[in-house]
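Please open the model in your viewer and keep the selection panel at hand.

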Amino acid sequence: MKPKVLCALSVVAVCAVVLISLTYSKWNAPIELTATILSTAERMTRLEESERQVRARLESMPGRERKMPDLRGTLVDVTLDRHDDGPMGPVSAARIGAHEFLIANYQDIFLFDQDRRTAVPVQTDVELPVWNPTAVFYSAFYDRVFIANYSGKDIVVAQLVRDGGGPKLHLTDRIVNEAAIQGAEGVAVSKGGRFMAIADYEGNALSLFERIDDQWAFRWKREIIGSHGVAIAGDYVFASGQGAIVKFSIETGQEVARTSKLGSEPILFATCLNVDESSGQLIGSDAMSGIVFGMTKDLKVTSKFGANGPTYSNFSSPFCAYRDRQGIYVLSTYQDRFVSIGRDSATSYEFSGAQWRYIDFPFGLRNASNMLHGAVQFDRPSYRMFDKNVRAGYGGLYTDDGKLLLMPGRQELFDGASPFYVTSIASNSTWLVIVANSSPRAMLYNRKTGDLGAVTIGEWDCWAIAADVLCPSRRYSVDELSAQVNLLEPEQQAAAPGGWTENAIPIIQYWAGWKLAQGPRAVASSNGASSPDPANVR
């Protein structure tokens, strides 16, 4: 039964109740009339609650998920005022007006105006020792913006002030607590202002504070691995992170419910969780899989859509999602895109100008939400590297014997500043090219000589497809990228600190050990043979 039909039936039922009640009431008896009105109101409340319950049941029934929304929609170029390089990388947003949002990106906070199509940085009126804003939350009760200042190890509270010099953040409070705030990635405040919950990523914890006598008092904390998302709804606080979403009693901190699934798919890294303002339930996103999901407060999935991949038919690490009565909003982080999804249309607000215009049929590149099985890309080819079969995954390459070859971190590949998140592999007869949506660099492996190197593409949000690498501005061939490769020296890399476990090994160090163990024999002829374990070569 569709929601419109349910609504119509509710109206008919209410009208019938009113007419029957009026038929038997005496209009000259105020007491009886009052009782009739109260009785009708009670019936109406029960009918509305029944309608909500029926709608929730319908949405949670197998095969009744919502139709896949348009993830591209109308493309709108946003004028972005900034002075640094690289993608804007939006990770958190807070609505502060009918068409205005504050957006955080780990470096700055921007005031984004949908109508004016502008995004301008908002400066603080007090210089902070460290400014690393990872999440923003607006509390209407306090008329304040609560900011998770990650590396600053605090929560900054500020009031948005508008004057002739442009918008500014006037700092009114700074919350520091070494036991509860070691590196916050999320913050939420209850509607009535009594509670504040913090997703403490560095502390692997959910921390709860209570407002007492104009001070934030630390109440309790609970373990959440990779704590990243947080939401408060009524008597409960919800936390999300790596592999789980958990519901707690807000008063006691007692765990009430927990889930590790988004329907049939595992939760990989639920970076965001918010109250769905249109229904009172929950909405969130899993940046690792690219899924946006709706969920009841009992942690039952009601809808999900999206995946990571090339073009605007997919997302690219959507760090957060929101919903109110006007629609759904998704921050597709490495696409530099704010996606507004309404009932009948969608709009993509682009912070880095026009992208992905050269793909004639982007819908053909839409990925399934179950592309990742765990952290491994299930429906992708395997390739031979280091005498092993490898397949692309999240943050590394996965070998057929159970090892994880960790992709380079920051400053580990010719001083590259960006990590590798969602990886993919392109190939020709001589080279493999490994790219990630989060880095402007590619790693290259020579299939004949065993050499390893890198090249700077200069674009983020790149994806390997067969023999090409698709980036937002254009397509790159493996031949083109391999002609510019800078090769690594195994002797230098093998001398680097190890620090790996038996099954998780930095790929550059692993390659160096493997390469040195090859000796003078041809690598091409050894691809089918076994070789010494490079973990033993230091």
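**Salt bridges and model confidence**

The structure, a predicted model, contains 19 salt bridges in total.

Select Arg 95 and Asp 324 to begin. Their side chains form a salt bridge, with the closest N and O atoms 2.9 Å apart. Arg 95 belongs to strand β3 (residues 92–95) and Asp 324 to strand β26 (residues 318–324), so this pair ties together parts separated by 229 residues in sequence. Arg 95 is partly exposed, at 24% relative accessible area. Asp 324, at 16%, counts as buried.

Next, select Glu 210 and Arg 194. This salt bridge also has its closest N and O atoms 2.9 Å apart. Glu 210 is located in strand β14 (residues 205–212), while Arg 194 is in the loop between β12 (184–189) and β13 (195–200); the pair therefore ties together parts that are 16 residues apart in sequence. Glu 210 is buried, with 11% relative accessibility, whereas Arg 194 is partly exposed at 36%.

Proceed to Asp 401 and Lys 403, whose side chains meet in a salt bridge at 3.9 Å, N to O. Asp 401 is partly exposed at 38% relative accessibility, and Lys 403 is buried at 11%.

Finally, colour the protein by pLDDT. The average is 86, and 81% of the residues score at least 70. Residues 58–65 fall below 50, and this stretch has eight contacts beyond near neighbours in sequence. Residues 523–532 also stay under 50, with 22 contacts beyond four places in sequence.

Methods:
Residues numbered from 1 in each chain as written. Predicted model: local features only at pLDDT ≥ 70, side-chain atom pairs only at ≥ 80, totals over all residues. Heavy atoms only, no water. pLDDT = per-residue confidence, 0-100. Contact = heavy atoms within 4.5 Å. Salt bridge = Lys/Arg side-chain N within 4 Å of Asp/Glu carboxyl O. Helix = DSSP H or I, 4+ residues; strand = E, 2+ residues; numbered from the N terminus. Buried < 20%, exposed > 50% of the residue type's maximum accessible area, 1.4 Å probe, protein only.
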